[in-house]
Amino acid sequence: MSVEKKMAQEPCCSKLKMFLAAMCFVYFAKAFQGSYMKSSITQIERRFDIPSSLIGLIDGSFEVGNLLVIAFVSYFGAKLHRPRLIGAGCLIMAMGSFITAAPHFFQGLYKYETTVSHFSASNGTESILPCLTNGSLAQDEIPTVEIQAECEKAASSSLWLYVFLGNMLRGVGETPVMPLGLSYLDDFSREENTALYMALIQTVGIMGPMFGFMLGSFCAKLYVDIGAVDLDTISINHKDSRWVGAWWLGFLLTGGVMLLAGIPFWFLPKSLPKQGETESEKKFNEGEQDCFIPDNNKHSNAPDKPAPVTMAALAKDFLPSLKKLFSNQIYLLLVCTAFVQVNGFIGMITFKPKFMEQIYGQSASKAIFFIGIMNLPAVALGIVTGGFIMKKFKLNVLGATKICIGTSLLAFFTMLIQYFLQCDNTQVPGLTLSYQGVPQVSYQQNTLISPCNMGCSCSLKHWDPICASNGLTYASPCLAGCQSSTGDGKNMVFHNCTCVGDSPFPYANMSAVLGQCPRKSDCDYMFKVYMAVTVIGAFLSACGATPGYIILLRSINPELKSLALGIYTLIVRTLGGIPPPVYFGAFIDRTCLKWGTKQCGGRGACRIYDSGAFRNAFLGLIYGLYSLSYILWGVVYIRLSHREKKLALKNQLKAPEQDGNGVSAGNGNASSAIVKCGENADQETTI
């Protein structure tokens, strides 16, 4: 019976297709949840006044949760009820989202650092002198240890631990989804359909980040205490580096979606019949895979009716299975390649919104929005394209490797172009240029003092930027030497700013308004080119996603598939997911020009970076990691190519053993499997 007839006889709503639909939805839900977490990194950093290195540790707690349980879930879960384990994982992920949002309901109202409230005018009339008032606040005094401890307790500054624990719990819950879900699908679907099904799951899954980043963009525009404060009294907007959006709101929504995603898995069976496969076809389908599995990794002669599975028997077989898995050199190389590439990817995606903010002057909400509507659709299209190419040309493992290497190298070239798409630093006297207009970068606070503001006794700790009529951004009204102000809230205007009059670009009115000055017009053009390049790079990189999974699945024993995927995920997420946000954040912190000040004193979140140093640190780390991954890909390709040549040579030596018609004796399907495998009649050589 032909494949087409068998497919036609399959019910349109078979349990395998129901499982496929459920997997698509859960991939969407977990990607929706995870991408929202990524999009909220900046808001969480500002809300809890923590540095980038610490926010990187919080972001890495997801992988810590995976690390705790993934090896056991992947091995023992493969012998148990896989769909129900996935359903339980969804429930845990939903709980993690709700716990992440919990600190908002225990914290007081957000108090951003500002000096404006001390000299705001009433009824729109001219107020007292900002210059002298700021100096009288004595804000640079160092509080005692007792006062500091009491203040931090009142401010609930340690509540970020709930975000850490909630994110870690999400990692625990996500553990069974990938290894158990993909192995379940691969076990019961046709081999030629596996690549297409995986591409479909990943394509639907990529819609999750699109919605997650758009939700993050929307929430970033809403004030954190929306509904609890009068927004007219807030003197900052969503473009300000002190602004905190309603980060907690999205976690409640993503938790609810995850609860719904887990429901179908409780009603699916433990196992299914293989999709339209006969016994003879089973031997044919095992042909290619056996070529890339070491001899000591291959099937054992298990009885048709195995004995009931016990936990003691599973535990006893765990270490031998692990030893057998790690004897597969191709598998080990793929793991090493993946965790190096994931290091670069995780570091890039975690701090990409901040990169767009600091280099191109985009607001946090706008940066997140562009990632959601431009980069992620390109990724979805790339995943579909990779799966289509695999199915259309029926590529073997070596062909899939060529696709992975080729697309990845092309994507790397687009990243190299990004280095040259730069904008100048924000012009801030005392930080990125002198008060006389000479470009210079200073990490020292004392450079903020100039003869034009020396008589004001200004605080050097606070960041309360104003945009002067000369186009320069000053760190505070006091440091601009402003003598008076009119209006209140967002409409406040400062007048008679002595530093504005002394600048190389003096204006008669010497006035300023709240907020940073916009970047130069050519920076907007540079940002458009940058987005176009990143979209092309995202598409090319995603084209290798499905072929990469196929290489992994075809290089391991089916009996070890769930364990192999679990260990793969464990290593990649441990070494590739936990360290990058921390060391990327630490390198980025070194480029900070002006740190904010916490409510209780001490260093808070960074307000402005040296864009040139930021770009060098951020892109330099990515370039180094991806370059190392290409070396490893080259080793993988050489090993696979050498294996294929060796099999072809053995086939030529065995040619005289064929009969007169050129067909080996034995079962026809078995012969077909050998031909498909590269005419491999002797599989004693290991990879």
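A polar contact is a pair of N or O atoms within 3.5 Å; within protein, one atom must be able to donate a hydrogen and the other to accept it, and residues adjacent in sequence count only if both atoms are side-chain atoms.

The model on screen is predicted, so local features need pLDDT of at least 70 and side-chain atom pairs count only at pLDDT 80 or more, while totals for chains, interfaces and linings use all residues. Residues are numbered from 1 along each chain as its sequence is written, and side-chain values use heavy atoms, with hydrogens and water left out.

**Whole protein.** Of the 687 residues, 55% are buried, where buried means under 20% relative accessible area, exposed over 50%, and partly exposed in between (1.4 Å probe, protein chains only).

**Thr-175.** Return to this residue, in the loop between helix H9 (160-174) and helix H10 (177-188). Thr-175 is buried, with a relative accessible area of 0%. Leaving aside residues up to four places away in sequence, Thr-175 touches Gly-65, Asn-66, Val-69, Ile-70 and Val-73; contact means heavy atoms within 4.5 Å.

**Leu-85.** Next, select helix H5 (residues 82-101), which contains Leu-85. Leu-85 counts as partly exposed, at 30% relative accessibility.

**Thr-203.** Move to helix H11 (residues 191-221), where Thr-203 is placed. Its relative accessible area is 18%, so Thr-203 is buried. Leu-381 is 178 residues away in sequence, yet 7.6 Å from Thr-203, C-alpha to C-alpha. Apart from residues up to four places away in sequence, Thr-203 touches Ala-380, Ile-383 and Val-384.

**Helix H15.** Select residues 329-360. At 1.5 Å a residue, the 32 residues of H15 should span 46 Å, and the 44 Å between its end C-alpha atoms agrees; the expected span is 1.5 Å times one less than the number of residues. Start at Asn-328, where a side-chain oxygen reaches to within 3.2 Å of the backbone nitrogen of Ile-330. Then follow H15 to Phe-351, the site of a kink of about 50° shortly before the proline Pro-353; the bend is the angle between axes fitted to the seven residues ending at a residue and the seven starting there. After H15 comes Gly-361, with a positive phi near 70°. Colouring by accessibility shows a mostly covered helix, with 26 of its 32 residues buried.

**The strands.** Select the open sheet of five strands, whose order is E2-E1-E5-E4-E3 with antiparallel pairing. Strand E2 (473-474) and strand E3 (484-486) stand at the edges with a single partner strand each, so one side of each has no neighbour in the sheet. E3 pairs with strand E4 (residues 493-495) in the antiparallel sense over three bridges; two strands pair if DSSP finds at least two bridges between them. Pick Ser-485 to find its bridge partner in E4, Phe-494.

Finish with strand E6 (residues 592-597) and E7, an antiparallel pair with four bridges. Here Cys-592 stands opposite Tyr-609 in E7. Six of the seven residues of E7 (residues 603-609) are buried, so this strand is largely enclosed by the rest of the structure.

Key
Helix = DSSP H or I, 4+ residues; strand = E, 2+ residues; numbered from the N terminus.
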